[in-house]
Amino acid sequence: MKKYDLFTIIKPNLDNDEADKVVAKVEEIIASLGGSVIDTDKMGRKKLAYDVKGFRDGIMFVQTLSIPGDKVVDFKRQLKLNENIIRTMFVEVKA
């Protein structure tokens with residue numbers, strides 16, 4: 001399995017419990033696809049450089065994960081379906 005970094009911005013109008021549920025849901029998706037989360041860094045609420053889907057700030061977190069290469073497309077699709085996620089960046093980590 002390859003290692004990836006996932007940078008995610010979620011809606012700023014969620015409270016801490018709801019934001020934690022979004023993070024847990026992403027971890028659940030990763031596990032359902034046969035992957036695992038290595039590390040999660042919750043960066044908190046940050047101001048954005050420009051509007052993203054009408055929001056000027058967002059709750060950010062970064063996850064290091066491993067997932068089978070053939071499941072990446074399905075994983076990205078499921079991230080797009082989550083209405084609380086406003087932006088993601090998914091990159092492969094070269095060892």
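Okay, one definition before anything else: when I say buried I mean under 20% relative accessible area, exposed is over 50%, and partly exposed is what falls in between. So Lys25, with a relative accessible area of 39%, goes down as partly exposed. Keep those cut-offs in your head, they come back a few times. And please remember that this is a predicted model.

Now the layout. The chain has two helices and four strands, and if you walk along from the N terminus you get β-α-β-β-α-β. The strands make an open sheet in the order S2-S3-S1-S4, with antiparallel pairing. Which strands stand at the edges? Those are S2, residues 36-52, and S4, residues 85-92; each has a single partner strand, so one side of each has no neighbour in the sheet. From one strand to the next, the twist averages 20°.

Let's go through the pairings. S2 and S3 run antiparallel, joined by eleven bridges, with S3 covering residues 55-67. If you want pairs to click on, Lys47 is opposite Asp57 in S3, and Gly44 is opposite Met60 in S3. S1 and S3 are antiparallel too, over nine bridges. There, Ile10 has Ile59 in S3 as its bridge partner, and Thr8 faces Phe61 in S3. Then S1 and S4, again antiparallel, are joined by seven bridges, with Ile9 opposite Arg87 in S4.

On to the helices. H1, residues 16-32, lies across S1, S2, S3 and S4, and runs at about 30° to S3. H2, residues 72-81, lies across S1, S3 and S4, and its angle to S4 is about 160°.

Thr64 has 17% relative accessibility, so it counts as buried. If you skip its neighbours within four places in sequence, Thr64 is in contact with Lys3, Tyr4 and Asp5, and also with Val37, Ile38 and Asp39.

Next, a backbone detail for those of you who look at torsions. Most residues other than glycine have a negative phi. Lys53 is not a glycine, yet its phi is positive, at about 50°. Where is Lys53? In the loop between S2 and S3. That hairpin has two residues between the strands. Lys53 has 63% relative accessibility, so this one counts as exposed.

Back to charges. The count comes to seven salt bridges. One of them joins the side chains of Lys2 and Glu92, at 3.9 Å from N to O. Lys2 is in S1 and Glu92 in S4, so that pair ties together parts that are 90 residues apart in sequence. Glu92 also forms a salt bridge with Lys94, where the closest N and O atoms are 3.8 Å apart. Put together, Lys2, Glu92 and Lys94 are linked in a network of salt bridges. Buried or exposed, those three? Lys2 is partly exposed at 42% relative accessibility, Glu92 is partly exposed at 35%, and Lys94 is exposed at 65%.

Last bit, the whole-chain numbers. For 95 residues, a compact globule would have a radius of gyration near 12 Å, and the chain has 13 Å, which agrees. Along the principal axes, the C-alpha atoms fill a box of roughly 35 × 25 × 20 Å. Of the 95 residues, 37% are buried. The chain exposes about 5800 Å², with carbon and sulfur atoms supplying 50% of that. And on contact order, if you take contacts between residues at least 6 apart in sequence, 73% of them join residues at least 24 apart.

Technical notes: Residues are numbered from 1 along each chain as its sequence is written. This is a predicted model: local features need pLDDT of at least 70, side-chain atom pairs count only at pLDDT 80 or more; totals for chains, interfaces and linings use all residues. Side-chain values use heavy atoms; hydrogens and water are left out. Two strands pair if DSSP finds at least two bridges between them. Axes are lines fitted to C-alpha atoms, for helices over the stretch in contact, and angles run from 0 to 180 degrees between N-to-C directions. Contact means heavy atoms within 4.5 Å. The radius of gyration is taken over C-alpha atoms; the globule rule is 2.2 Å times the number of residues to the power 0.38. Buried means under 20% relative accessible area, exposed over 50%, partly exposed in between (1.4 Å probe, protein chains only). Accessible areas come from the Shrake-Rupley method with a 1.4 Å probe; for residues, only the protein chains shown count as cover. A salt bridge is a side-chain nitrogen of Lys or Arg within 4 Å of a carboxyl oxygen of Asp or Glu.
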